[in-house]
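User: Could you take a close look at one part of this model for me, and then walk me through a few other local spots? I'd like the criteria spelled out as you go.

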Amino acid sequence: MSINLRTVYAFAREMYQKKSNARIQYGTAGFRGNADNLDSTMFRMGVLATLRSRVLGGAVIGVMITASHNPEPDNGVKLIDPKGEMLDPSWEVIATDLANVTDQELEEQVAKIIKENNIDVSSSSNVYVGMDNRYHSPRLLKAVADGVIALKGNVKEFGIVTTPMMHYYVVAANTKGAYGQPTEEGYYTKLITAFNALRGDKLENGNYRNLLLFDGANGVGARKMLQFIKRMNNTLNVEVFNKGDGKINHECGADHVKVQQKVPICMPKADPNTRCVSVDGDADRVVYFFTDENGTFHLLDGDRIATLFADYLMDMVKKCGLELNLGLVQTAYANGASTDYIVNKLKVPVACVPTGVKHLHHKALEFDIGVYFEANGHGTVIFSDNAKNLIKKAAGEGNINAKQFLLIIDVINETVGDAISDMLLVETILNHKGWDVKDWLGCYEDLPNLQLKVKVQDRNVITTTDAERICVTPVGLQEAINGAVANYKRGRSFVRPSGTEDVVRVYAEAATKEDCESLAYDVGILVHKMAGGVGPDLVHPNSCVKAHF
């Protein structure tokens, strides 16, 4: 098979010319931006996925078209490596360079990638492509497919799927079905079979009631949850809303509920303390919430889910009598109260890593059982081969708990954070414990916390270390933050640059809501003054006085 790189250039020149010269960077979740400017990027990522597959001996590479929790004008693309993990960091650099060269430089850049990576262009290449349900996704999917075709690769289009489903397909295909069948039905079958077996006939237990309200964020998760319901034989009573009639993530979904700390729009009327769950637009994030008898909103976010998982899995390890080390991985955004609870109450080791699922996933691999979650609800559990082999051996010797453990593993999508998979495990654990949401919430009391965004001229002036908890530059900013934090009981704050826009993200927590708001404001002022801030004005939460910038 011979490939003429002029074909790539011709495709790009005729159909996928660059519309913007603004530099874009492959971030923790790939490229994201206004969909009108992404056609050339999508085509080039189809080219890159084809080359990546050839480098790895023809292994399936996934391409997912989504902007996750971003609003509707945006879209994006990310590549999935053979084991379901994020794209190798060295290839993130290659992806960024390829996306930013001019149309005239494209042919030369592709040739450079081929030469530097010693790629046999005559070898086999396999690329899987999926998309979320944004109206511009089909156009962008075609661009990716054309990129694969331009290099004579094999492309398989899966249409509208969740991001976790694409990760699942890639791993299932590359393991020749050992992880599951690489089809939509195979995905449903694996998760539902295990969930139903764990649940049995005991649909309700103690304070646990078999009713769940599901906010689908008007995204693909709503569609797939309806498909789950059809196949679950009523083992889980789910009422889906925000099914797709509105805009994706607009005043609904996991990010809205987490950040705004309030219920999503279009939520049906429910009795107090009814379990509610929100996923994001591509269904890789999940948070729980409820409203109590007094009308007070309560959030059960990724930290809460992580502690629930760690507690349950640690108990399963003990019941099976196995020597396995279990650890929990968080980011600096994890609530301090959750970390205290995990370390001091559950006695589970905690590791802190920089923001981004790829960092958490990599760290979790160091444990036999690695639980990882971001506070935003993105996370999963990973089991080492050693752990799986020991559990399988115990199950084969008749250990009933080990047999149950194998079912738990099958409910979990280990490849990436999966909102629906995570939800099924939460429901399994709550049912097992006989807990309602108030029992779950009562494990510990969250410290009030707040996130702010401060616009700056250049986010790159902010550099950090120690898993983003310490600011290195601008010089003196960290000392100033330390001084602000010292004024508040149980105060904690850190800043980090956004991965996609010129803003600095400020996180703060303290013993009271008022102190938390004041601390966030204080640190925001410091960032604005010392890191080249630009408007708008920050308003102190406890004052009518504006801080003019």
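Analyst: Happy to! A word on the basis first: this is a predicted model, in which local features need pLDDT of at least 70 and side-chain atom pairs count only at pLDDT 80 or more, while totals for chains, interfaces and linings use all residues. Residues are numbered from 1 along each chain as its sequence is written, and side-chain values use heavy atoms, with hydrogens and water left out.

Cysteine 443 has 25% relative accessibility and counts as partly exposed; the scale calls a residue buried under 20% relative accessible area, exposed over 50% and partly exposed in between, using a 1.4 Å probe and protein chains only. As for its sulfur, a disulfide is a pair of cysteine sulfur atoms within 2.5 Å, and the count by that rule is 0. Cysteine 443 belongs to no disulfide, its nearest cysteine sulfur being that of cysteine 276, 19 Å away. Cysteine 276 has its closest cysteine sulfur in cysteine 252, but the 14 Å between them is too far for a bond. With 2% relative accessibility, cysteine 276 counts as buried.

Histidine 378 is another buried residue, at 7% relative accessibility. It lies in the loop between β13 (369-373) and β14 (379-383); strands here are DSSP runs of E with at least two residues, helices are runs of H or I with at least four, and both are numbered from the N terminus. Beyond neighbours within four places in sequence, histidine 378 is in contact (heavy atoms within 4.5 Å) with Asp284, Arg285, Val357, Tyr372, Phe373, Val416 and Gly417.

Aspartate 88, by comparison, is partly exposed at 30%, in the loop between β3 (74-80) and α3 (89-100). Leaving out neighbours within four places, it touches Arg52 and Asp81. The C-alpha atoms of aspartate 88 and arginine 52 are 9.9 Å apart, although 36 residues separate the two in sequence.

Arg52 also brings us to helix packing. The axes of α2 (residues 39-55) and α3 come within 9 Å and cross at roughly 145 degrees; axes are lines fitted to C-alpha atoms, for helices over the stretch in contact, and angles run from 0 to 180 degrees between N-to-C directions. Residues making this contact include Arg52 and Leu48 of α2 and Trp91 and Ile94 of α3. By class, it has 9 nonpolar, 2 polar and 2 charged residues, where Ala, Val, Leu, Ile, Met, Phe, Trp, Tyr, Cys and Pro count as nonpolar, Asp, Glu, Lys and Arg as charged, and the others, Gly among them, as polar.

Further along, α17 (residues 477-485) and α18 (residues 513-530) have axes within 10 Å of each other, crossing at roughly 160 degrees. These two helices are therefore roughly antiparallel, given that angles under 35 degrees count as roughly parallel, over 145 as roughly antiparallel, 65 to 115 as roughly perpendicular and the rest as oblique. Contacting residues include Leu477 and Ile481 of α17 and Leu519 and Asp522 of α18. The class tally is 10 nonpolar, no polar and 1 charged.

Finally, α13 (residues 385-396) and α14 (residues 400-411) pack with axes 8 Å apart at about 135 degrees, and are therefore oblique to each other. Among the residues that meet are Lys388 and Ile391 in α13 and Phe405 and Leu406 in α14. Their contact has 7 nonpolar, no polar and 3 charged residues.
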